[in-house]
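Visitor: Could you show me how to read the contacts and packing here?
Guide: Gladly; let's look together.

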Amino acid sequence: MVLQMCRGFVKGDEDLAKDISQEVFINVWNALEDFRGEAKYKTWIYRITVNTCLHYLRQARRKEQLSMDDVSQNLVYQQQPLEETANHTLYRAIGQLSKVDRLIIMMVLDELEKVEISEVMGISPGNLRVKIHRIKKKLREIVRKEQANG
Amino acid sequence: MDDLKNMWDSAKESARDHSVDLSAIISLAKKRKTQTVNAHVLNLAILVSALIGISAFFWYVTYFKGLLGQVGSGLMVGGLALRIIIELISFHKSSKIDLSKEALQSNNEALIFYEFRKRIHGPISISIIALYTIGFYMLTPEFSQYFSFEMMALIDISYVVYLIVILWSMIKGNRKEIESLEVIIQLQSEMKEESID
């Protein structure tokens with residue numbers, strides 16, 4: 001779950017995803033002693049994953065690295081076997097969303113309850129419902145455009 | 001959407017194949033924690049040593065007789081002490097960022113921290129450097145009674161070089177803080193986007 005979220009966040013860049021997921025596990029370990037069971041373990045780990053991804057963005061150098069994703073992603077996938085092209089489509093579509101939308105839709109795809117996503121993001125359930133509706137609409141448009149472009 | 005869900009599930013399967021070396025993660029986490037604390041302690045130790053060194057120098061070696069020299073040394077020591085206090089506050093604020101909280105709240109904590117850092121690297125740092133510089137030049141009339149002209153010129157020039165280096169690193173630091181702040185503000189607005197509904 002962690003690696004997959006990180007992959008989606010960095011548009012399929014495997015090395016960067018592994019770096020961030022390692023960071024997530026470190027943060028989980030460091031926060032473990034403060035875990036009071038107020039949230040479910042799953043929600044708690046999702047929170048750390050989401051926050052670590054966003055925290056990763058805050059660092060300027062890494063931000064530049066992320067903006068290079070489109071270039072590196074194309075280079076990486078040219079060498080991927082055929083079965084990887086499906087993942088390429090998936091990450092490319094998700095990658096066209098904004099960072100926050102990307103994280104929300106990945107939790108939706110991971111079948112998290114709306115209440116849980118709301119607890120992870122700190123957004124009200126009503127607001128989240130509107131957001132998810134808009135993100136799905138955006139995604140459908142992206143996929144349609146992708147298919148039209150071949 | 002269903003197609004994407006299927007793609008997501010199959011990609012998730014491949015992610016399951018990656019095992020995590022838990023003991024390596026734990027040792028890395030411990031190492032990282034120690035490194036962070038050590039870096040802050042080292043930074044503070046350097047500043048405190050400089051404060052003690054400079055105070056001892058003013059007190060025991062160059063005990064200033066004139067008011068100008070006394071005020072000048074006070075400004076320099078005061079500027080450095082202020083810098084140490086700010087460093088302590090900064091460390092405290094950075095430790096407040098909790099990654100296990102809701103994303104909006106955690107991002108808000110980061111926002112508070114980076115706004116504080118921006119202020120530090122901006123007007124506060126400039127004020128400290130200004131205090132320090134004024135203090136330094138207030139000492140020079142009394143210094144010049146004991147040092148040759150050449151020595152005084154060397155001291156003044158080396159201070160200017162030191163000032164340039166400090167200002168350059170401050171501008172660089174400020175630019176980084178502003179970049180981080182922009183990212184946080186952008187994320188905050190993305191998260192709050194529909195809150196007005």
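Visitor: Leaving aside its neighbours within four places in sequence, which residues is A:Cys6 in contact with?
Guide: Two residues are in contact if their C-beta atoms, placed from the backbone, lie within 7 Å. By that rule A:Cys6 contacts A:Ala17, A:Ile20, A:Ser21 and A:Cys53, sequence neighbours within four places aside. This is a predicted model, where local features need pLDDT of at least 70, side-chain atom pairs count only at pLDDT 80 or more, and totals for chains, interfaces and linings use all residues. Residues are numbered from 1 along each chain as its sequence is written, and chains are lettered from A in the order in which they are written.

Visitor: How many residues of chain B are in contact with chain A?
Guide: On the chain B side there are 38, meeting 44 residues of chain A. By class, the chain B side has 19 nonpolar (Ala, Val, Leu, Ile, Met, Phe, Trp, Tyr, Cys, Pro), 11 charged (Asp, Glu, Lys, Arg) and eight polar residues (the others, Gly among them).

Visitor: At what angle do helix α2 of chain A and helix α2 of chain B pack?
Guide: Helices are DSSP runs (H or I, at least four residues), numbered from the N terminus. Axes are lines fitted to C-alpha atoms over the stretch in contact, and angles run from 0 to 180 degrees between N-to-C directions. Here α2 (residues 14-31) of chain A and α2 (residues 22-61) of chain B pack at about 75 degrees, axes 9 Å apart. So α2(A) is roughly perpendicular (65 to 115 degrees) to α2(B). Among the contact residues are A:Phe25 and A:Trp29 of α2(A), and B:Ile25 and B:Leu28 of α2(B). The contact's residues divide into seven nonpolar, two polar and two charged.

Definitions and conventions. Helix = DSSP H or I, 4+ residues; strand = E, 2+ residues; numbered from the N terminus. Parallel < 35°, antiparallel > 145°, perpendicular 65-115°, else oblique.
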